[in-house]
Amino acid sequence: MGAKLQVGVLGFGTVGSGVIHILEEHQEKISQVTGYDIAVKKVLVRDVEKARRYETNGFTLTTEPQDVLEDPEIAVIVEVMGSITTAREYILQALRAGKHVVTANKDLIALHGDELVAVAQENKCDLFYEASVAGGIPILRTIVNSLAADKIQKVMGIVNGTTNFMLTKMTEEKKTYEEALEEAQALGFAEADPTSDVDGIDAARKMVIMTRLAFGMNVQLDDVETNGIRTINKEDIEVAYQLGYKIKLVGTAEETNGSVNVNVGPVLLPRSHPLSGVNYENNAVFVTGAAVGETMFYGPGAGELPTATSVVSDLITVAKNSKLGTNGNAFNSYRHETKHTSKEQIFSKHYLRLTMVDKTGTFLKLTQIFAEAGVGFDKILQEPVDDFTASVVIVTHATSKAQLEQATKRVEEEPEMQIFTNYLVVEG
């Protein structure tokens, strides 16, 4: 029997249940790996009488947070309750009491991560949050440890399972946005209020976390250009497929000359691109390093046991650090001056769908507007909508964000033209 490491869990929902289940199922292996018998002592719940999926033997349920946070025998707090304000309050209290913390709370880490890391270091405590991004995929620890020797150039990923499920349904089964959302909600992938997912906010918060770890830059949520999937319709999906692409909601963080650009939005990916094959609720992160080249990490982005596995992995790291006496080091100590890439240095191809009055000279005016901005066309599709209107789809050559904004601003000033869709296009 090894030494005991007592754990307090805040929250007994899907992930909390999974954490307790994994600790019980894999107890012998975890003990051999860490030298500790990691045991849950107390769990904070809303309702003690509620029926649970797993047995609650061996630990105490409580509705009082201080029963967990002030217990001197509890060395590690696992926060899987969600929320921001309350979770922040509890985690700060735990850290100041000298307790290590493991959390799956992406919203909290994205918004208050720097504050929590600073308090953890002040009190020589561990603070880990692998489960906050991409569920069961160990992407944060891979960036921090496995790729520490490389210079990461780009991180690009499908990091929201809800929107990826919906877009898969819209692409493969020709469902409308509304039909795909209804199915996602029925299966529990989407909340009753899906705003955070479908507007790209959830993905943006995850990109903030990955950007800080990959590039050492302290980007904020407001720094991330964020667009969701509400505007994607059947026509865009079909035209993109006709051109050899699939539309996915993708988060991208890319370093250019010591600066970083982070964005989330619908992107046209070549159907041959590895991320195009990531379907339903799965997540994947594509990392480009100067030395290692292109690597991809794929797996379930949510769910009870995948996410709980990442939480327990962090618990094991805390236990190992405790055994070695190395607690209190930051999850990632890499820091770099935060610089945002200027619009003149952000280059990409773009997909634009617009309508215009179908008469002589209108298309010439459109091409002149783009030419004057220095934007060239790679592909053009034009089809009549009716006797008076034409639909035009353009895929540009790689162009700067500044040039594209100049062109689209001019188009929006023309009463005979209207832009409906403007998405990034990824090549390779």
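My entries follow, beginning with the ground rules.

**Ground rules.** I am working with a predicted model, in which local features need pLDDT of at least 70 and side-chain atom pairs count only at pLDDT 80 or more, while totals for chains, interfaces and linings use all residues. Residues are numbered from 1 along each chain as its sequence is written, and side-chain values use heavy atoms, with hydrogens and water left out.

**Entry 1, annotated positions.** I started with the UniProt record, an unreviewed entry, whose "binding site" annotation covers Lys106. UniProt positions are given in the numbering used here, feature names are shortened, and annotations may be inferred rather than shown by experiment. I found Lys106 in helix α5 (residues 106-122). Helices (H or I, at least four residues) and strands (E, at least two) are DSSP runs, numbered from the N terminus. Leaving aside residues up to four places away in sequence, Lys106 touches Ser132, Asp202, Arg205, Lys206 and Ile209; contact means heavy atoms within 4.5 Å.

I traced Glu191 to the loop between α8 (177-186) and α9 (195-198). Is Glu191 buried or exposed? Glu191 counts as exposed because its relative accessibility is 54%. The cut-offs are under 20% relative accessible area for buried and over 50% for exposed, with partly exposed in between (1.4 Å probe, protein chains only).

Next I checked Gln6, which lies in strand β1 (residues 3-10). With a relative accessible area of 16%, Gln6 is buried. Beyond residues up to four places away in sequence, Gln6 has contacts that include Ala39, Lys41 and Glu73.

Leu61 sits in strand β3 (residues 60-62) and is buried too, at 18% relative accessibility. Among the residues Leu61 touches, not counting those up to four places away in sequence, are Phe12, Val43 and Val45. I also took the C-alpha separation of Leu61 and Ala398, which are 337 residues apart along the chain, and got 58 Å.

Which residues of α14 are buried? I noted Leu404, Ala407, Thr408 and Val411. They are on the same side of α14 because they cover an arc of only 95° around the axis, the arc being that of the directions from the helix axis to the C-beta atoms. The buried residues of α14 pack against several elements, including β13 (347-357) and α13 (362-372).
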